[in-house]
Amino acid sequence: MLSPDFLWKDNNMKLLFIGDVVGDRGCDFLEQKIYQIKKQNDISLVVINGENSALGNGITPYSYKRLISLGADVITTGNHCFRRKESIGLYDENEVLLRPANFPEGVPGHGYTVIDLGFCQVAVINLMGTAYMEPLDNPFYCIDSLLENIATKNIIVDFHAEATSEKKAMGFYLDGRVTAVLGTHTHVQTADESILPKGTAYITDAGMTGAELSVLGVKSELAIEKIKYHAPVKFEESENPCFINGVVVDFDEHNGKATKIFRIIER
Ligand code: FE2
């Protein structure tokens with residue numbers, strides 16, 4: 001007979017968090033693999049960063065629907081959230097499509113959402129860093145006020161930021177106050193996944209879903225031209241084989257504490 005302890009552990013919630021999906025090719029590859037990843041890891045909840053899911057950057061109604069059809073419970077974004085004019089309306093219409101919470105008041109959309117899974121609720125917060133990024137409201141003050149209004153202990157934060165120091169600081173700042181602080185934006189997966197001392201899962205960057213041999217998903221020769229000559233260059237998706245980057249986080253939905261985090265790299 002299985003011990004209650006075994007059953008308790010096995011009943012933990014398992015979050016699949018997918019790092020920035022880049023373009024059509026990233027969506028196509030995710031479509032091929034996500035069902036297998038979900039099945040293998042007994043996934044109960046999926047969060048995908050979709051701010052680059054449209055062909056040519058940003059998110060469109062088409063790429064939004066694609067990610068939803070692939071099983072995303074919540075889609076987070078970042079600095080490219082309003083890149084596509086045609087999708088600005090989506091943010092008010094769909095509570096599961098988030099833009100960073102520290103945009104100024106009056107900006108369309110929501111910075112967090114609470115999804116009800118019946119047996120528990122899970123909040124997902126999208127926040128953006130300000131080091132080497134746009135001067136949004138201070139994310140540390142912003143999250144303090146958000147957390148005052150969120151009742152569930154199960155809280156996932158996508159911290160879309162450039163500087164590793166700002167991301168690390170946010171991880172420790174929120175340790176014990178949220179379930180997970182998962183970084184996005186750099187498109188490069190870091191190897192520092194850990195459970196912090198008070199039970200928060202952390203990774204500096206979950207990485208990217210798109211062409212592996214590329215510059216952040218873009219054809220390397222175009223990125224070189226742009227960086228070397230500071231010339232206006234139209235970026236195109238790399239045609240090299242894709243990979244999926246992300247993390248799985250196990251957490252106890254009774255207390256919101258994370259028990260395990262591991263990285264996913266699927267080629
Ligand atoms: Fe970004």
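A: A pocket is an open set of points on a 1 Å grid over the protein atoms alone, where a 1.4 Å probe fits, with protein on both sides within 12 Å along at least five of seven lines; lining residues have an atom within 4 Å of a point. This is a predicted model, in which local features need pLDDT of at least 70, side-chain atom pairs count only at pLDDT 80 or more, and totals for chains, interfaces and linings use all residues. Residues are numbered from 1 along each chain as its sequence is written, and side-chain values use heavy atoms, without hydrogens and water.

Q: How many residues line the largest pocket, and which lie nearest its centre?
A: The lining of the largest pocket has 27 residues, and N52, N57, H80, V218 and F235 lie nearest the centre.

Q: Which atoms hold the iron ion as protein donors?
A: Donors are N, O and S atoms within 2.8 Å of the metal (3.2 Å for Na, K and Ca); water is not among the atoms, so sites may look incomplete. Here the protein donors are E51 (OE), N79 (OD1), H160 (NE2) and H185 (ND1), at 2.1 to 2.2 Å from the iron ion. Along the sequence, the donor residues follow the spacing E-x27-N-x80-H-x24-H.

Q: Are N79 and H160 buried or exposed?
A: Buried means under 20% relative accessible area, exposed over 50%, and partly exposed in between (1.4 Å probe, protein chains only). Both N79 and H160 are buried.

Q: How many disulfides does the structure hold?
A: A disulfide is a pair of cysteine sulfur atoms within 2.5 Å. The structure holds 0 disulfides. The sulfur of C142 is too far for a bond, because the closest cysteine sulfur, in C81, is 13 Å away.
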